[in-house]
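This report goes through one protein model, from its overall layout to two of its residues. Please look at the sequence and the structure before reading on.

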Amino acid sequence: MELRGKKHCVVIIDMLNDFIGEKAALRCENGEKIVPKIKELVDFAHDQNIQVVFIQEAHRKNDRDFRVRPVHAIKGTWGSEFIPELQPDESKGDYVVQKRRHSAFSYTDFDLFLREEEIDTVVLTGVWTNVCVRSTASDALYHGYNVICISDGTAYQDDSMHASGIRDIDLFGDILTTEQYKEAAKKKFSHDEQVV
């Protein structure tokens with residue numbers, strides 16, 4: 001497969017303590033299974049000089065989001081921190097975007113950052129497939145970006161809802177496994193073309 005876009009950004013959505021692990025307030029059990037694939041993709045992106053952005057849910061204490069979902073990922077708490085296996089690396093140019101709504105584009109500087117870096121394609125990973133990942137994918141399309149979703153690097157609580165989210169994103173984006181993306185990206189990009 002030939003990848004669309006000239007400059008890509010690997011996006012890690014909400015791989016936080018309050019979503020991943022036995023002590024998580026809003027645990028996505030399947031999220032624990034995708035950690036190795038996301039780590040593999042982050043390492044690949046760093047090697048290929050592809051931008052990496054970590055999306056961090058960081059709610060205020062009395063956020064309206066808690067009217068419909070349990071309290072989770074309050075800014076400045078352990079629950080809002082990235083899991084130990086997936087930590088942003090500023091020395092490699094990783095960027096962090098904090099959000100309070102499902103989409104990484106909603107009331108954040110994500111779009112501004114992508115435009116400043118002249119990125120035209122987002123490669124989405126993380127949790128939850130049919131909530132935050134799907135919302136970010138939709139908004140990416142609305143903002144004029146190409147969308148790639150990594151099927152084995154995204155997760156929902158159950159497989160059927162994960163599949164539903166993937167089907168939705170497949171209507172307007174490309175669905176690839178980690179290995180498929182890496183193979184296609186190696187063909188498309190040289191070290192000189194993807195400068196962070």
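## Overall layout

The protein has 5 helices and 6 strands. This is a predicted model. Read from the N terminus, the order of the elements is β-α-β-β-α-β-α-β-α-β-α. The radius of gyration is 15 Å, close to the 16 Å that the globule rule gives for 196 residues, so the protein is as compact as a globular protein of that length.

Along the principal axes, the C-alpha atoms fill a box of roughly 45 × 35 × 30 Å. Of the 196 residues, 54% are buried. Taking contacts between residues at least 6 apart in sequence, 77% join residues that are at least 24 apart.

## Helices H3 and H4

Helix H3 covers residues 129-142 and helix H4 covers residues 159-170; their axes come within 9 Å and cross at roughly 10°. Angles under 35 degrees count as roughly parallel, so H3 is roughly parallel to H4.

On the H3 side, the contact is made by Thr129, Asn130, Val133, Arg134 and Ala137. On the H4 side, Met161, His162, Gly165, Ile166, Asp168 and Ile169 take part. Sorted by class, this contact of H3 with H4 has 5 nonpolar, 4 polar and 2 charged residues.

## Aspartate 63

Aspartate 63 lies in the loop between strand E2 (51-57) and strand E3 (95-99). Is aspartate 63 buried or exposed? Its relative accessibility is 3%, and buried means under 20%, so aspartate 63 counts as buried.

Its side chain makes a polar contact of 3.0 Å with the side chain of histidine 59. Another polar contact, of 2.8 Å, joins the side chains of aspartate 63 and arginine 100. When neighbours within four places in sequence are left aside, aspartate 63 is in contact with Arg100 and Arg101.

## Aspartate 111

Aspartate 111 belongs to helix H2, which spans residues 110-116. With a relative accessibility of 19%, aspartate 111 counts as buried, because the cut-off for buried is under 20%.

Which residues does aspartate 111 touch, not counting those up to four places away in sequence? They are Phe105, His143 and Tyr145. Alanine 45 is 66 residues from aspartate 111 in sequence, and the two are 20 Å apart in space, C-alpha to C-alpha.

Definitions and conventions:
Residues numbered from 1 in each chain as written. Predicted model: local features only at pLDDT ≥ 70, side-chain atom pairs only at ≥ 80, totals over all residues. Heavy atoms only, no water. Axes fitted to C-alpha atoms, helices over the stretch in contact; angles between N-to-C directions. Helix = DSSP H or I, 4+ residues; strand = E, 2+ residues; numbered from the N terminus. Parallel < 35°, antiparallel > 145°, perpendicular 65-115°, else oblique. Contact = heavy atoms within 4.5 Å. Nonpolar A, V, L, I, M, F, W, Y, C, P; charged D, E, K, R; others polar. Buried < 20%, exposed > 50% of the residue type's maximum accessible area, 1.4 Å probe, protein only. Polar contact = N/O pair within 3.5 Å; in protein donor to acceptor, adjacent residues only side chain to side chain. Rg over C-alpha atoms; globule rule 2.2 N^0.38 Å.
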